[in-house]
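Please read them with the coordinates open.

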Amino acid sequence: MPEIRYIDAINQAHHDEMARDERVVVLGEDVGRKGGVFGATVGLIDKFGEDRVIDSPLAESSIAGVAIGMAANGLIPIAEFQFADFIHPAFNQIVSEAARMRYRSNNAFGCPVVFRAPFGGSHGTALYHSQSIESFYAHVPGIKVIVPSTPADAKGMLKAAIRDPDPVLFLEHKRMYRLVKGEVPDGDYVVPIGPAAVRREGRDLSVIAYGWMLYESLRAAEMVASEGINAEVVDVRTLAPLDKDTILKSVAKTNRALIVYEDNRFVGYGAEIAAIIAEEAFGDLDAPVMRLGAPQVPGIPFSKPLEEWFFITKEKIADAIRKLAAY
Amino acid sequence: MQRIEDLTREELAAAVESYAKMVLARRFEEAAERAFRHGKIGGYLHVYSGQEAVAAGFLSVLRRDDIFFTAYRDHAHALLRGTPPGAVMAELYGKATGVAKGKGGSMHLFDASRGFYGGYGIVGGHIPLATGAAYTLRYLDTDRICLCFLGDGAMNSGSFHEPVNMAGLWGQDAMCPIVYIVENNQYAMGTSVSRSSAATNLASRFAAYAIEHERADGMDYFTVRRVASRVISQVRETGRPYALEVLTYRFAGHGAADLFQPYRNKEEVTQARTRDPITVLEDRLRAAGVLTDADVERIHSDAEQTVEGAVRFADESPEPAADELFKDVHGAWGTWPR
Ligand SMILES: Cc1ncc(C[n+]2csc(CCOP(=O)(O)OP(=O)(O)O)c2C)c(N)n1
Ligand SMILES: [Mg+2]
């Protein structure tokens, strides 16, 4: 199996699916001639032409909206947003139209669109190029929200999203694009939307994370391993619909849960997981469910030290693990 | 082009001053690019090189108490308005002494004291804000006006069309003293105007909203300044919006990370550089006899020194304190609205 970067996995999935199915089209700002700001769509326009790889004007609301119209009428669009921060103008189209298309038309119309957006903070990305947007959309029935964290998952889940009957918000943590490398199966394969994955087996507590936080959590787990704390790490992968079973099974084994997410802690996605554990696994718990999320400030500030205070790091996670283990 | 012989003495004197500021802005951008490459500046960096005559022409006739908004290509706008270069560079460095105390960085400058209502990182996001701010200036019974700089790319978003229609409407009641200045530098990131706009005469779009509009050469400072002073007086007088499409060109990549620029060829850039707004202005000032070799030398060395000072200031400034993270999330009850 070849080892590739996360960004290459995304790119390959596009190439494969466009070759496999002529109905697949890509649209977004600079997805064609430039190949995307991060290079996710490199080479597509040369291979598949301008009718299938559409460089759109700067118009996020309508990028989403026309994609929804295309999907309702038989195409399979992949709409790229350069950064998740720019998707907000499209919120209305995605929530009001994409999510409800099938329900309101009694299955006469479907909406097989993939909305792709790089999210999360990286160094210096600041107020408008760093946001986590998952909880806005995970809240809305009718949309699937996925956050793959390995190249194999990125490729397999992007293929699954493209073949899915419904709208899928496909979130890529931008820190992973070039930093995360991994093996990818040869040939055509799909990683199903839904199941979570246990990335590290452990018995003392469960760390539940997704996106870049998965990697920080895995490192934190290594840090505390030498202190005799054996943490299990669960990669949520699909935020909606959530695979409760894998999480509850892990908590039943470890009796302690720490949920880590980069978004603001308050009303963030981890709150839902915490609530589910509290409701459905209360008897298994030896300690209160713990959450680690970003502070309640309106954006990630630019300056390095402020950024460091904002970000959840492996050190902060390791501290939380120690606290939870000692409870 | 504005003919030299038609220019007044004051215009020529102001032009020499603007020339010095444009040189300063260019040197500043070059220093910022170097600092970016050396890892002193992180994140994103979008420089204004090539477009200086636009902001210089407009800001040189804007009254002290007027206000303006722009997008993220905003360093030169701040400098031309008189924000200290050190405070701008320090912001790019993310230092406590920066105009936004390091919270914003390059794309998100502010200088309330000089009527600079900010650089905005969400393209088009500032156009409604500027429109609302302009309404307020009339609501408060002032004769102040608002400038809204925006890019050709920004014109394609709903956040352009919606407020501009409002401006057209409010202008009928003399309630919207705003000048929209479309800095058409031919590209939105990697997408050219002809590939993103069905009608490439961007000024003509304002006709749909009953807003007076025209096109101007943005590489010639005198042209911009003449248009700017006429239009600004008119808007101040009438309270009606006005729109300009200013034709210009961005010499550098979209941002510091846009190295290869596969969307345009080298010849195009080289060709555009033959009409560098700074040399165009310099030649004309020399021809008018108001700028000598010695002046040019002094202006350039002053600019270099100022920029060096700004870099040193930024470099030596302290980082923001940790508690800055939680400051200014909410205002104190009773102190706002003020
Ligand atoms: C809403 C939104 N969409 C996309 C982007 C990414 N982006 C940043 S600048 C830019 C191009 C804007 O072009 P233009 O308005 O012409 O300004 P210029 O860069 O030429 O100064 C794009 C697509 C963004 N910042 N905000
Ligand atoms: Mg432009």
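Predicted model: local features only at pLDDT ≥ 70, side-chain atom pairs only at ≥ 80, totals over all residues.

1. Local features rest on residues with pLDDT of at least 70. Totals for chains, interfaces and linings use all residues.

2. Contact between the domains. In chain A, domain 1 puts 22 residues in contact with 20 residues of domain 2. On the domain 1 side, helix 6 (134–138) and strand 6 (144–146) of chain A supply at least two residues each. That side divides into nine nonpolar, nine polar and four charged residues.

3. Sheet order. Chain A has an open sheet of five strands, ordered 9-11-10-13-14, with mixed pairing. Strand 9 (197–200) and strand 14 (290–294) of chain A are the edges, each pairing on one side only. On average, neighbouring strands are turned by 25° against each other, direction ignored.

4. A parallel pair. Strand 13 (residues 257–264) and strand 14 of chain A run parallel, joined over four bridges. Which residue of strand 14 of chain A is the bridge partner of A:L258? A:M290 takes that place.

5. Helices on the sheet. Helix 11 (residues 269–280) of chain A packs on this sheet. Helix 11 of chain A touches strand 10 (205–209), strand 13 and strand 14 of chain A. Its direction makes about 160° with that of strand 13 of chain A. Helix 13 (residues 314–326) of chain A lies across strand 10, strand 11 (231–235), strand 13 and strand 14 of chain A. Helix 13 of chain A runs at about 165° to strand 14 of chain A.

6. Chain contact. Between the chains, 34 residues of chain B are in contact with 30 residues of chain A. Helix 6 (158–171) and helix 7 (193–196) of chain B each supply at least two residues of the chain B side. The chain B side divides into 13 nonpolar, 17 polar and four charged residues.

7. Ligand 1. Where does ligand 1 lie? Ligand 1 sits between chains A and B. There are 21 residues around ligand 1. Of these, A:F86, B:V123, B:G151, B:G153 and B:A188 come nearest. The shell around ligand 1 divides into nine nonpolar, seven polar and five charged residues.

Notes:
Residues numbered from 1 in each chain as written. Chains lettered and ligands numbered in written order. Contact = placed C-beta atoms within 7 Å. Nonpolar A, V, L, I, M, F, W, Y, C, P; charged D, E, K, R; others polar. Near = placed C-beta within 6 Å. Pairing = 2+ DSSP bridges. Axes fitted to C-alpha atoms, helices over the stretch in contact; angles between N-to-C directions.
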